[in-house]
Amino acid sequence: MDNNYLFELNNVSKVFKNKTQALSDVTLSIKKGEIISIIGPSGSGKSTLLRCLNLMEQPTSGTIFFEGELLNIKNKNLNLIRQKIGMVFQSFNLFPHLSVLENITIAPKLIHKIEINEANTLASDLLKKVGLEEKVNSYPNQLSGGQQQRIAIARSLAMNPDVILFDEPTSALDPEMVGEVLKVIRGLSDSGMTLIIVTHEMQFAKEVSSRVIFMDQGKVIADDTPENIFDAPKEERLKNFLYRLTDY
């Protein structure tokens, strides 16, 4: 496999037990440092594709390589792989009984075995990065949705991953909270980190992405630069999708 690629997917398909075909022969490569936005209508396979990248969903067929290593084989140490692949969900998934500090430091202490003082310093630095240093001792139920999502991003960063996967990170937020989360992701995109973002925020995707992937019915219909996707779309299905968006 090419060392320049972080992910290489070859003919990846996913069929659920109810016979739903979520992915159909998806082949694509993602280089280190790329900012990939995945767009498309609901039910097009975007989130399933993202979840296959860290094997939260096992592909029915095809192969997935991560940093040159085949992922979807038996006896693979998934916990070791997932330390390198951060994941930010729609619904935050913070531990409600733990403080912000504890939410961020629990994994580095348990998995990386770093000392408490080092973990606390790391958390402080990350909270500054997401603009929430004053919430260090707060609990999730004391935070807005936008603040919880920013904490979830900080928690992912605490593991120093090679890539972060974002599964519609703003879809559960009130409109006024969307901007604060996108601002944090935009900052990460400027840092050179590899990001793969499933999103409905078209203007954001256009501004931050190095590539945009359009999916429909489990297939990659278009994979191109933001300019070509949004300003000069070639595929009729993509043209229709963009035409129907009232916010683009």
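Helix α1 (residues 46-53) is largely enclosed by the rest of the structure, because six of its eight residues are buried. Buried denotes a relative accessible area under 20%, exposed over 50%, and partly exposed a value in between (1.4 Å probe, protein chains only). Helices (H or I, at least four residues) and strands (E, at least two) are DSSP runs numbered from the N terminus. The buried residues of α1 are Lys46, Thr48, Leu49, Leu50, Cys52 and Leu53. The helix is followed by Leu55, which has a positive phi near 60°.

The model is predicted: local features need pLDDT of at least 70, side-chain atom pairs count only at pLDDT 80 or more, and totals for chains, interfaces and linings use all residues. Residues are numbered from 1 along each chain as its sequence is written, and side-chain values use heavy atoms, with hydrogens and water left out.

The protein chain contains nine helices and ten strands. Its radius of gyration is 18 Å, close to the 18 Å given by the globule rule for 248 residues, so the chain is as compact as a globular protein of that length. The radius is taken over C-alpha atoms, and the rule is 2.2 Å times the number of residues to the power 0.38. Along the principal axes, the C-alpha atoms fill a box of roughly 55 × 45 × 35 Å. Of the 248 residues, 50% count as buried. The accessible surface of the chain (Shrake-Rupley method, 1.4 Å probe; for residues, only the protein chains shown count as cover) comes to about 12000 Å², and 47% of this belongs to carbon and sulfur atoms. Contacts are defined by heavy atoms within 4.5 Å. Among contacts between residues at least 6 apart in sequence, 66% join residues at least 24 apart.

Two aromatic pairs are present in the structure. Rings of Phe, Tyr and Trp (its six-membered ring) pair if their centres lie within 6.5 Å; planes under 30 degrees apart count as stacked, over 60 as edge-to-face and the rest as tilted. The ring centres of Phe7 and Phe66 lie 5.0 Å apart with the planes at 45°, so this pair is tilted. The pair links distant parts of the chain, with Phe7 in strand β1 (residues 5-15) and Phe66 in strand β4 (residues 61-66), 59 residues apart. Both Phe7 and Phe66 are buried. Phe214 and Phe241 also form a tilted pair, at 5.2 Å centre to centre and 40° between the planes. Here strand β9 (residues 211-216), which holds Phe214, is linked to helix α9 (residues 236-244), which holds Phe241, across 27 residues. Phe214 is buried at a relative accessible area of 0%, and Phe241 is buried at 8%.

Ala152 is located in helix α5 (residues 145-157) and is buried, with a relative accessible area of 3%. When residues up to four places away in sequence are not counted, Ala152 touches Val88, Phe92 and Leu94. The C-alpha atoms of Ala152 and Val100 are separated by 9.4 Å, the two residues being 52 apart along the chain.

In Asn11, a residue other than glycine, phi is near 50°. Asn11 belongs to strand β1 and is partly exposed at 43% relative accessibility. Lys113, likewise a residue other than glycine, has a positive phi near 60°. Lys113 lies in the loop between α3 (100-111) and α4 (116-129) and is exposed, with a relative accessible area of 62%.
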